[in-house]
2 protein chains.
Amino acid sequence: MTNFDSIFTTSQQAYLQYKQLDFQKRADFLASTAKGLEARKAEVIAIACQESNLPEGRITGELGRTVGQIRLFAKLLLEGSWVEAVIDTADPERSPVPKPDIRRMLTPLGPVVVFGASNFPLAFSTAGGDTISALAAGCSVIYKGHPAHPQTSLLVAAIIQEAIQVSGMPEGVFIHVEGGVAAGQALVSHPIAKAVAFTGSLAGGKAIFDAAQQREEPIPVFAEMGSVNPIFVLEEKLQQESATLAKQFAASLTLGAGQFCTNPGLIFVPARHAASFGESIKQELDSVIPAAMLHEGIASAYYASLSQLSKKEELQWLQVATQQDMIKAYPALAQVQVEDWLKDDLFQQEVFGCFAMMVVYESVEDLVAVANHLHGQLTISIWAEGEELSLHQSIIQLLSEKCGRLLFKGVPTGVEVGYAMQHGGPFPATTDSRSTSVGAYAIKRFARPIAYQDMPSELLPLALRNDNPMGIWRMVDGVFEKC
Amino acid sequence: MTNFDSIFTTSQQAYLQYKQLDFQKRADFLASTAKGLEARKAEVIAIACQESNLPEGRITGELGRTVGQIRLFAKLLLEGSWVEAVIDTADPERSPVPKPDIRRMLTPLGPVVVFGASNFPLAFSTAGGDTISALAAGCSVIYKGHPAHPQTSLLVAAIIQEAIQVSGMPEGVFIHVEGGVAAGQALVSHPIAKAVAFTGSLAGGKAIFDAAQQREEPIPVFAEMGSVNPIFVLEEKLQQESATLAKQFAASLTLGAGQFCTNPGLIFVPARHAASFGESIKQELDSVIPAAMLHEGIASAYYASLSQLSKKEELQWLQVATQQDMIKAYPALAQVQVEDWLKDDLFQQEVFGCFAMMVVYESVEDLVAVANHLHGQLTISIWAEGEELSLHQSIIQLLSEKCGRLLFKGVPTGVEVGYAMQHGGPFPATTDSRSTSVGAYAIKRFARPIAYQDMPSELLPLALRNDNPMGIWRMVDGVFEKC
């Protein structure tokens, strides 16, 4: 097993310099990385397509998203409210004891281990959201490339290294390493590591989480492990928009061969319309041109999961997928009655790929039982007519306990990268429901509060000085202000 | 072992109602609890003094602090910025796909298990910071009273129950239970529990943390496990203020028989002045009137720790404490050379009580070695002259990696309850350095973000509606506003 001691020592030294740089310098470094990605766009897209089997349009979009999110973090750094600067001023006259001056803000956690994801060779990989949000927070990053796209990873790592040179960052603030499961475990277990970010399977994420919690010093693990992203279709809505909904659902299910963590693998349909809606979805699926999956291992796993499910007598198959080559994913759809669905946890396990289970329910009571039984999810969608929705408020309350994002229109795939996005959710969707891995607030994962008591003004971090040189929003004696 | 199923079911049902109440109602409930505590002040103080052996002045102060912090959370609820409301508005014209409306805010985690602390029968117990911040966040609480002060706990629980009645809260939003270690484990392991708060020993906190991480669904544990709160005295400062510093240090060390998690158990002193400063501290300690500890078990543990340390040849004892009865703590002080201190981890383990270790150092290099070797702490204090401080900036940087609060004046005991307080720190001070257990932001431990995508306006939580009926600060399309 590789010994990572010297890598971590380098990362730690770089971190101690890097964290002291002002936010403008960090932002310049991020901007330089974004610029580098754009400059070598053609090269990056070509190699990523080749290694991932994803079509050029998709990878081009993913590159745009990656660059966009790097710029979002650069902007966030300069806006500055993310550091949660809070100042309680002193009162030397207070009796019986004088009140000290206390100033609090977020400070980076230290060197962070980031794992690349197979399904997003750019946006969740080398210069993806985890790496960039950790760097934005002031952490150094040790990045383990995903073995499914080694050349893409090395190319993007080279672009980051170039940005480090150009913007004069300490070398070692980003280090790229390669390796398998053993290397991953060694990285997570290294005493210098202070946090871990991961996007991938439940088995992989849970193994990393367990290793991190069993360390002498447990560290936070932000593992996004996907989910089945249930859609609840209410009766009136279905009656009115059956054809559109079937189309929307089938498109979301088969997008990118279903290889998204927000892929809707579970849909709840009222009994009265189940047959016709199932037929509509089936027709949509029939016209889908099967796409290549990320690699043969993922394709095998997809068909193995279907084969395991095919042994379940409770399932009625509306669309059977037969493996016709080593790589392509044919969509599949099974139907089950709600009482059977409730009895078997296998029916809410994620099948990575374009398979969905349609659960047929009869009543509001069924929905309550489902909501209580449901595992934690990244997203839950509720498709209802306005009137209908207000009659189901208790269901909405129960479902909001089980997810990080609740949708009332559209489909869960296509995660917006903005300020309000929450891409996380109760276990087993993630290992930390208090965090997001997409959007501006992903930065908060990699920082912790520190308070300075009676620190001489000239030594205070800029964000906490009296004259507010960064011009950021701060809470001063309980009141928000920006002066 | 007690079966807690029915208790958790009640708590869960109460939670589902309680979390939907508007913040004004929650704030009224908290205010009513504060009022109840004040109304029955004499009774509460009498029983708490009797059960904890703490003097009336101290308990009176603690009651004031407890009431004050309840009111702080009530105020925080109404100010509302703590929910981190963020709105990204829709753009139906965006191409290639319309931009949805996404609104994000914090939502409560669910039923929380809180453990009472022996050393703060009021402020960290039944209606203490953990319980109140969880209730403020919208969680229900299952509270396990500390066996060291059962009557105090039951009395305060009755006051909370009264407030529940008066303010019309769902019964079961706060449930008081009693029991030992097995009960504690059962509470933490119950599937309905969604988070745990604990203040106490490293062994106790770590056992709870491990149990919570080994659940089928791991849950966050906010265990504040204390630390040795090192003070670094720099040469010039010591030269100028030796007598005052000795007095300050001895007073902080022996306050409340040393039974504070911020008790300074470690002090680093430059070699040139070690002998005289040690003598000054010793003289101060000589005049301390030994106080009764919380209970005999804690007193035995104190003397057992001292006895274990007395076998260490590297220690030179400046003040020896001999047990003279079953309950009183006599202060103790040992001296050790920095090179010896660095060799043995036992020398930075907390001794709960009024014992300190004085470490003699020679050089800045020694301080660097110490800073790198030091475990995570709640607080670190640096006593220096202004000039001196600016020469030690790299030491400050290293020390800031190891603590939640960095002090430049005064002593770590006496934790301010305000907005800027950070009472937490890297492991083993706590199990989650990203949280605080004192001050306004303690509320954030018990909430997670949820995003609502394209939710009909009338169904949105008040904090996220267009007209901002609560009048709170929100980030709208990346800009902070309050309109």
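Trainee: In this predicted model, which strands do the buried residues of α11(A) pack against?

Mentor: The residues to look at are those under 20% relative accessible area, and in α11(A) they include A:Tyr302 and A:Leu306. The buried residues of this helix pack against strands of chain A, namely β11 (316-319), β12 (328-329), β13 (332-337) and β14 (355-361).

Trainee: Which residues of α11(A) are buried, and what arc do they cover around the axis?

Mentor: The buried residues are A:Ile298, A:Ala299, A:Tyr302, A:Tyr303, A:Leu306 and A:Leu309. They lie on the same side of α11(A), because the arc that they cover around the axis is only 135°.

Trainee: How far apart are the end C-alpha atoms of helix α11 (residues 296-310) of chain A?

Mentor: At 1.5 Å a residue, the 15 residues of this helix should span 21 Å. The separation of the end C-alpha atoms in the model agrees with that expectation, being 21 Å.

Trainee: How many residues of domain 1 of chain A are in contact with domain 2 of chain A?

Mentor: The domain assignment gives domain 1 as 5-225 + 433-481 and domain 2 as 231-407, and their centres, taken over C-alpha atoms, are separated by 35 Å. On the side of domain 2 of chain A the contact involves 12 residues, and on the side of domain 1 of chain A the number is 11.

Trainee: What area do domain 1 of chain A and domain 2 of chain A bury between them?

Mentor: Across this interface the rule finds zero salt bridges, and 60% of the buried area is on carbon and sulfur atoms. The area that the two domains bury between them is about 870 Å².

Conventions:
Residues numbered from 1 in each chain as written. Chains lettered and ligands numbered in written order. Predicted model: local features only at pLDDT ≥ 70, side-chain atom pairs only at ≥ 80, totals over all residues. Heavy atoms only, no water. Helix = DSSP H or I, 4+ residues; strand = E, 2+ residues; numbered from the N terminus. Expected span 1.5 Å × (residues − 1). Buried < 20%, exposed > 50% of the residue type's maximum accessible area, 1.4 Å probe, protein only. Arc of directions from axis to C-beta. Contact = heavy atoms within 4.5 Å. Domains from an automatic or database assignment. Buried area = accessible area lost by both parts, 1.4 Å probe. Salt bridge = Lys/Arg side-chain N within 4 Å of Asp/Glu carboxyl O.
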